Amino acid sequence: MAAAIAQARVAEREGDVPVGAIIVCEGKAIAQTENRTVRLTDPTAHAEILAIREAAACAEGDARLQGCTLYVTLEPCAMCAGAIVLARLDRLVFGAWDPKAGMVGSVGDIVRHPKLNHRAQVIGGVLADECGELLRAFFSARR
């Protein structure tokens with residue numbers, strides 16, 4: 001999670017919402033990135049989506065990321081939660097809960113929905129205070 005937090009700080013320095021993500025497979029980081037929605041003028045450029053794209057590019061001949069864990073500083077939204085399922089990530093570890101848009105337990109739970117063909121193991125609230133403070137400070141400075 002420390003590496004994801006470091007990526008979130010990169011996003012913050014660049015003017016993006018401070019969310020960072022890293023994907024680890026077999027003990028090795030295969031992708032790490034941060035939100036880039038502002039810089040890329042792309043509403044889909046969330047840290048999770050960019051990390052999944054980067055990791056899938058490393059997966060030779062298979063876009064599925066079985067055996068991998070995604071660490072992200074904020075509970076994923078619906079778009080990112082859906083991508084986690086489609087990428088077949090085994091595990092999701094996230095920091096701060098998102099009571100307004102989080103789709104891994106707060107508003108809904110896409111990654112563990114019983115009707116979907118893949119369900120990720122979820123560990124939420126890891127370093128939640130630190131992850132949440134990054135977001136609170138970012139938005140407070142803009143109000």
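A nonpolar core is a set of buried Ala, Val, Leu, Ile, Met, Phe, Trp, Tyr and Cys residues joined through side-chain atoms within 4.5 Å, where buried means under 20% relative accessible area with a 1.4 Å probe, protein chains only (over 50% is exposed, in between is partly exposed). Welcome to a predicted model, in which local features need pLDDT of at least 70, side-chain atom pairs count only at pLDDT 80 or more, and totals for chains, interfaces and linings use all residues. Residues are numbered from 1 along each chain as its sequence is written, and side-chain values use heavy atoms, leaving out hydrogens and water.

**The core**
- The largest nonpolar core holds 42 residues, and Ile23, Ile52, Leu65, Ile84, Leu89 and Leu92 have the most contacts inside it.
- Its largest share, six residues, comes from α4; helices (H or I, at least four residues) and strands (E, at least two) are DSSP runs numbered from the N terminus.

**Helix α4**
- Seven of the 10 residues of α4 are buried, among them Cys80, Ile84 and Val85.
- Arginine 88 follows α4 and has a positive phi, near 60 degrees.

**Strand β3 and its partners**
- Seven of the seven residues of β3 are buried, so this strand is largely enclosed by the rest of the structure.
- β3 pairs with β1 in the antiparallel sense over five bridges, and pairing requires that DSSP finds at least two bridges between two strands.
- β3 and β4 pair in the parallel sense, over five bridges, with valine 72 having phenylalanine 94 in β4 as its bridge partner.
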